[in-house]
Amino acid sequence: MAGFFKRLMPRRFRRDGVTIPAIRLHGAIMAGGGQFRPVLNLATVAPLLKKAFSLKDAPAVAISINSPGGSPVQSRLIYQRIRDLAEEKEKRVLIFVEDVAASGGYMIALAGDEIIADPTSIVGSIGVVSGGFGFPELLKKIGVERRVYTAGENKVVLDPFQPEKERDVEFLKSLQIEIHDTFIQMVKTRRGTLLADHPDIFSGLFWTGRRGQELGLVDALGDMRGEVKRRYGAKARLELIQPARSLFGRRQPGVAVAGAIAAPLAASAAAGLADALEERALWARYGL
């Protein structure tokens, strides 16, 4: 009879094995996103982190990362939230790299007390990149004149509809250097003496998980399930922490009158296409 009631109890309340909460942080890191194009940012990740770290009896939290990077701000915010919760709740953080943890994805991975990667995964890309398009010649061909009125001589820096200016590019590069330096300091602080003395570590290059271990970017090679059982015993279990769902299994979109949403919908479709192309470019950078 005791065994019957034991099976009815939630797994985390049973005493026959350790339960480790697990989170999947998969996707590009962007401030936007929505129901049909989920991305990683602090707003989407924070509730999962809070729930995972709230399991009192868990000695650690396992986080799976599969991200080509994106917003450096959101990457650092997610990293900081993980570290704050780890220190507050006194739990160890185990980061597991799947396909890729590059650029901002690797910045988040730095929040782990240990980083475990698949031998064939991609890690690194410690650098900063900005990209865009220029359309000044296209406007001439289609007979469109660009008119911009500003108060402040630098309000149209890097305007894609004007010819590129050398001083604008220099200004952008100065910002990139500052962000890159912040990234480098984070890597040095978290990885310390584990890093190999290699000239390309902070150059923006990326490597396989196996090579990343040699360079000190990751601690070990393996997978989440196998590593958890090796550390906490054969009876250790993973409890996947997932986003809250509505009654019908999905998040409910906002309600609006059809005529009122037509224009915003068209605008969001155009913006969504641009974001989708940007996201696709992030993954393609690593051959994915």
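View 1. The side chains of Arg-231 and Glu-114 meet in a salt bridge, 2.7 Å from N to O, where a salt bridge is a side-chain nitrogen of Lys or Arg within 4 Å of a carboxyl oxygen of Asp or Glu. Because Arg-231 lies in helix α8 (residues 224-232) and Glu-114 in strand β4, the pair ties together parts that are 117 residues apart in sequence; helices (H or I, at least four residues) and strands (E, at least two) are DSSP runs, numbered from the N terminus. Arg-231 counts as partly exposed at 27% relative accessibility, whereas Glu-114 is buried, with a relative accessible area of 16%. In these terms, buried means under 20% relative accessible area, exposed over 50%, and partly exposed in between, with a 1.4 Å probe and protein chains only. Both residues belong to a network of salt bridges that links Arg-92, Glu-114, Glu-227, Arg-230 and Arg-231.

This is a predicted model, in which local features need pLDDT of at least 70 and side-chain atom pairs count only at pLDDT 80 or more, while totals for chains, interfaces and linings use all residues. Residues are numbered from 1 along each chain as its sequence is written, and side-chain values use heavy atoms, with hydrogens and water left out.

**View 2. The protein chain as a whole.** The protein chain has 9 helices and 8 strands, and buried residues make up 36% of its 288 residues. Among the contacts in the protein chain with a separation of 6 or more, 72% are accounted for by residues 24 or more positions apart, contact meaning heavy atoms within 4.5 Å. The count of salt bridges comes to 10.

View 3. Glu-98 forms a salt bridge with Arg-24, and the closest N and O atoms of the pair are 3.9 Å apart. Since Glu-98 lies in strand β3 (residues 92-102) and Arg-24 in strand β1 (residues 19-26), this pair ties together parts that are 74 residues apart in sequence. Glu-98 counts as partly exposed at 33% relative accessibility, and Arg-24 is partly exposed too, with a relative accessible area of 47%.

View 4. His-26 has its place in strand β1 and is partly exposed, with a relative accessible area of 25%. Leaving aside its neighbours within four places in sequence, His-26 is in contact with Leu-40, Ser-64, Ile-65, Asn-66 and Glu-98. The C-alpha atoms of His-26 and Val-39, which are 13 residues apart along the chain, are separated by 7.8 Å.

View 5. When its neighbours within four places in sequence are left aside, Ser-67 is in contact with Gly-27, Ala-28, Ile-29, Leu-40, Val-100, Ala-101, Ala-102, Gly-105 and Trp-283.

**View 6. The packing of helices α2 and α3.** The axes of helix α2 (residues 42-53) and α3 come within 10 Å and cross at roughly 15 degrees, which makes α2 roughly parallel to α3. Axes are lines fitted to C-alpha atoms, for helices over the stretch in contact, and angles run from 0 to 180 degrees between N-to-C directions; angles under 35 degrees count as roughly parallel, over 145 as roughly antiparallel, 65 to 115 as roughly perpendicular and the rest as oblique. In this contact, Leu-42, Val-45, Ala-46, Leu-49, Lys-50 and Phe-53 in α2 meet a set of residues in α3 that includes Leu-77, Ile-78, Ile-82 and Leu-85. By class, the contact of α2 with α3 has 10 nonpolar, 1 polar and 3 charged residues, where Ala, Val, Leu, Ile, Met, Phe, Trp, Tyr, Cys and Pro count as nonpolar, Asp, Glu, Lys and Arg as charged, and the others, Gly among them, as polar.

**View 7. The packing of helices α3 and α6.** Helix α3 (residues 72-89) packs with α6 at an angle of about 25 degrees, their axes being 12 Å apart, and α3 and α6 are therefore roughly parallel to each other. Pro-72, Arg-76, Tyr-79 and Arg-83 of α3 make the contact with Ile-179, Met-186 and Arg-190 of α6. These contact residues divide into 4 nonpolar, no polar and 3 charged.
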